[in-house]
Amino acid sequence: MTRPFRFGVNTLAIASADEWRKKCRQAESIGYDVLLVPDHLGMPAPFPALVAAAEATERPRVGTFVLNTGFWNPALLAREVATTDALTGGRLELGLGTGYVKGEHESAGLPWGSPGQRVDHLARTIEELDRLLADPEHVPHAVQTPRPPLLIGGNGPRMMRLTARHAEIAAFQGGRQAPGKPEGTLELATAEELDATVAGYREAAAGRAVPAELNMLIQRVVITNDRRATAREFAAYFENLDEDQVLDAPTLLFGTVRQLADQLRERRERYGFSYITVLDAALETFAPVVEELRGT
């Protein structure tokens with residue numbers, strides 16, 4: 001079954017309370033369905049930002065995209081999630097990931113650990129959230145039961161299995177650790193590499209009673225009449241992608257509004273991506289594509 005498109009915008013910086021509320025109302029008027037905030041040191045704290053976003057708007061849902069689970073104790077996170085869900089009127093979508101920036105953990109005085117240890121902590125966190133938020137005696141209470149919808153973002157076979165088992169939304173960032181680079185340095189995956197990642201997820205999710213919604217984070221949106229010239233320019237910055245691979249990369253959108261809409265339709269057919277997230281720098285640039293595809 002083909003899901004209709006849904007659109008989110010992920011905001012990396014908030015200049016002031018008034019500016020944030022204005023941006024949220026603008027996103028709502030454009031037609032974005034979800035207002036999102038990431039979880040990085042040096043960026044806004046996600047939960048208060050989401051409460052303010054919900055107060056400034058009426059329709060969009062709000063979500064973390066995604067929480068760095070290594071920053072969080074599960075019991076304290078359950079309190080934050082339940083409170084935020086209550087204060088937003090049940091509009092919260094909870095995005096979780098392992099975290100990928102070692103320096104942020106070091107700055108916070110928190111252990112980094114191996115990839116396996118970070119996935120272990122994410123798995124324990126999910127299990128504890130499920131247990132605590134489903135408990136009718138847990139205070140505070142979330143509005144959504146048994147808990148807000150869960151989005152998990154990550155790569156790798158174990159993350160795909162975890163996502164298939166627990167998440168209502170499976171998020172694919174289309175990036176990976178760059179070989180030979182410091183931890184936290186990402187490079188874009190090719191279309192074929194993402195084929196393999198999504199295939200691994202689908203294999204792990206084969207037994208699900210209800211299919212998950214699939215999300216893709218778009219890194220750059222460029223409206224242009226010359227896709228190839230733009231791809232040629234961007235290819236100079238990617239060591240692992242040539243010009244044709246840049247044109248085909250699922251995380252990049254180059255072209256006219258009609259071409260961008262067609263690319264997203266093709267990627268929905270190829271991968272199943274129906275929930276599309278852009279960064280806030282593309283809020284207005286992407287608006288005509290939202291208008292073209294919303295509800296389809």
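A nonpolar core is a set of buried Ala, Val, Leu, Ile, Met, Phe, Trp, Tyr and Cys residues joined through side-chain atoms within 4.5 Å, where buried means under 20% relative accessible area, exposed means over 50%, and partly exposed lies in between, as found with a 1.4 Å probe on protein chains only. The model is a predicted one, in which local features need pLDDT of at least 70 and side-chain atom pairs count only at pLDDT 80 or more, whereas totals for chains, interfaces and linings use all residues. Residues are numbered from 1 along each chain as its sequence is written, and side-chain values use heavy atoms, with hydrogens and water left out.

**View 1. The largest nonpolar core has 66 residues.** Among its members, Tyr-32, Leu-96, Phe-172, Tyr-201, Phe-273 and Phe-286 touch the most others. Helix H5 gives the largest share of this core, namely seven residues; helices (H or I, at least four residues) and strands (E, at least two) are DSSP runs, numbered from the N terminus. Apart from this core lies another, of 11 residues, which include Ala-231, Phe-234, Leu-247 and Ala-249. In soluble globular proteins, nonpolar side chains tend to be buried together.

**View 2. The surroundings of Tyr-201.** When neighbours within four places in sequence are left aside, Tyr-201 is in contact (heavy atoms within 4.5 Å) with Met-160, Thr-163, Ala-164, Ala-170, Phe-172, Arg-208, Ala-212 and Leu-214.

**View 3. A salt bridge joins Arg-59 and Asp-33.** A salt bridge is a side-chain nitrogen of Lys or Arg within 4 Å of a carboxyl oxygen of Asp or Glu, and the structure holds 20 of them. In this pair the closest N and O atoms are 3.4 Å apart. Arg-59 lies in the loop between helix H2 (46–56) and strand E3 (61–64), and Asp-33 in the loop between helix H1 (17–30) and strand E2 (34–37), so the bridge ties together parts that are 26 residues apart in sequence. Arg-59 is partly exposed at 35% relative accessible area, whereas Asp-33, at 15%, counts as buried.

**View 4. Asp-120 and Arg-158 meet in a salt bridge of 2.4 Å, N to O.** Asp-120 belongs to helix H5 (residues 115–134) and Arg-158 to helix H6 (residues 157–166), so that distant parts of the chain, 38 residues apart, are linked. Asp-120 is partly exposed, with a relative accessible area of 29%, and Arg-158 is partly exposed at 36%.

**View 5. Arg-131 and Glu-128 form a salt bridge, with closest N and O atoms 2.8 Å apart.** Because the two residues are three apart in helix H5, about one helical turn separates Arg-131 from Glu-128.
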